[in-house]
Amino acid sequence: MLRSLLTKLPRNLNTTGYAVSNTAGAALNRRYISTSENVQKSDNNRTSDPDRIGGLPLDVINKRKWQKSSRTLSTLQNHSVPAASRTTVSADENRDFMAVFPDIVRDLKEITDKYNPAEISSWFERSLKYNIPHGKLNRGLLTVLTYKNLVPAKELTPENVKLAQILGWCVEILHAFFLVNDDVMDNSSTRRGQTCWHKMPDVGLIALNDALMMENALYALLKKYFRTADCYVDLMELFHEITYITACGQCLDLLNANNDVLSFSMEKYNATVANKTAYYTFYLPFALAMHLAGIKDQEAFRQSKTILLEMGHFFQVQDDFLDCFGNPEITGKIGTDIQDNKCSWLAVVCMQRASDEQKQIMRDCYGRNDAEKAEIVKELYKSLGLPNTYAIYEEESYNMIKTHIQQTSRGVPHCIFLQILNKIYQRDS
């Protein structure tokens, strides 16, 4: 079976060891990615156009030529500028945020002790310490940094900053709740450079109950620290709303995974991304900080949401690329999107570009728990120039979002959005 599939691959892939084609200029011989369903099946079906080469306008080709020699793919080669040097979070801010986590654990242990035997609170403490503080903490730190940028300096008292940090940890708890569930559903093996919680010998499906405890624990923290605050109801409603939206996105993601790869579309992908990732990764931390800062202007919330959901889409496309082409030693996880039949950005763009033969390769290999077939899909992605297309997408999306930021007019300084955008641009984990 594998041999018959290999014969269908382009000549430069049908070699021992899966020789990779030169992708540096491959996108210049392909068309743009379509965001609609009206996609031509093949470049060979196009009529000749003297103002286009390989489906791309000449001005785009000229604009991108320099990238063939100077633009390095962020996940396939080392950055010329280390990611750490682009971060907007100082070591002190990160340390101060981490210093609050023991207080969070202690609070939740005390709350749990009121209703349950000590054995349960000890187990929950272990679950919290294993699943929450080992990630990049971007969502929690975003909450704190946004709050600090929104309020006058005189309001940045230790007490107010501590409240922002607690809100940040509530976001990180919600994030852990989603990740533990997601790892069980996807049967993932690693997360954040360590074994997934449900894969621990004495955990298994207890992980699902641990995730439920995490989700409900954040509301206990909100009650403890914010019940007398003017924004308490807004915070509660926002967490409930975003949790439901994200669960809907997860549902759509799982339903898509049961579908044939031929049914994947950019419309389905965009809906999944907006609901599953963008709202809770970008809008939630930002909106929480706005509520805590006392902002009531609904137009400011609307404009912020528009920008942040665009960033969330950008972020998820990066995640999809890293799942396939990222270095597990840097990303902290082994990608399984191909094996899990995920409606990923790479799969959608591949199906937009693929010939009938290449679509058959996807049908035969995509969504199969077989390492060799997953490798065939990756080689097909490379033959279609997707790594270079991603690099172009990353650059153009960055510039587009930056333009939209500069067009906002209400409530939130542009520099806050730009800090977030610069942090995620060309990330490798």
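Predicted model: local features only at pLDDT ≥ 70, side-chain atom pairs only at ≥ 80, totals over all residues.
Residues are numbered from 1 along each chain as its sequence is written, and side-chain values use heavy atoms, with hydrogens and water left out. Local features need pLDDT of at least 70 and side-chain atom pairs count only at pLDDT 80 or more, whereas totals for chains, interfaces and linings use all residues.

**Cavities**

A search of the whole structure finds two cavities of 30 Å³ or more. A cavity is a set of points, on a 1 Å grid over the protein atoms alone, where a 1.4 Å probe fits but cannot get out; lining residues have an atom within 4 Å of a point. Grid points are joined across faces, edges and corners, and the volume is the space filled by probe spheres set on the points.

| Cavity | Volume | Lining by class |
|---|---|---|
| Largest | about 90 Å³ | six nonpolar, three polar, three charged |

The lining of the largest cavity includes Y130, N131, D183, R191, R192 and W197. At least two of its lining residues come from each of α5 (118-131), α7 (158-186) and β4 (194-195), with α7 giving the largest share, four residues. Helices (H or I, at least four residues) and strands (E, at least two) are DSSP runs numbered from the N terminus.

Around the second largest cavity stand E93, D96, F97, L141, V144, L145, K148 and Q165. Here α4 (91-115) and α6 (138-150) each supply at least two residues, and the largest share, four residues, is from α6.

**Helix packing**

The axes of α4 and α8 (residues 206-226) come within 10 Å and cross at roughly 100 degrees, which makes α4 roughly perpendicular (65 to 115 degrees) to α8. Axes are lines fitted to C-alpha atoms, for helices over the stretch in contact, and angles run from 0 to 180 degrees between N-to-C directions. In contact (heavy atoms within 4.5 Å) are I104, D107, L108, I111 and T112 of α4 with M213, A217, A220, L221, K224 and Y225 of α8. These residues divide into eight nonpolar, one polar and two charged.

Helix α10 (residues 266-292) packs against helix α11 (residues 298-325) at about 130 degrees, with the axes 7 Å apart. That angle makes α10 oblique to α11, oblique being what is left after under 35 (roughly parallel), over 145 (roughly antiparallel) and the perpendicular range. The contact of α10 with α11 has 16 nonpolar, eight polar and two charged residues.

Key: 1 Å grid on protein atoms, 1.4 Å probe; cavity = no way out; pocket = protein on both sides within 12 Å on 5 of 7 lines; lining within 4 Å. Nonpolar A, V, L, I, M, F, W, Y, C, P; charged D, E, K, R; others polar.
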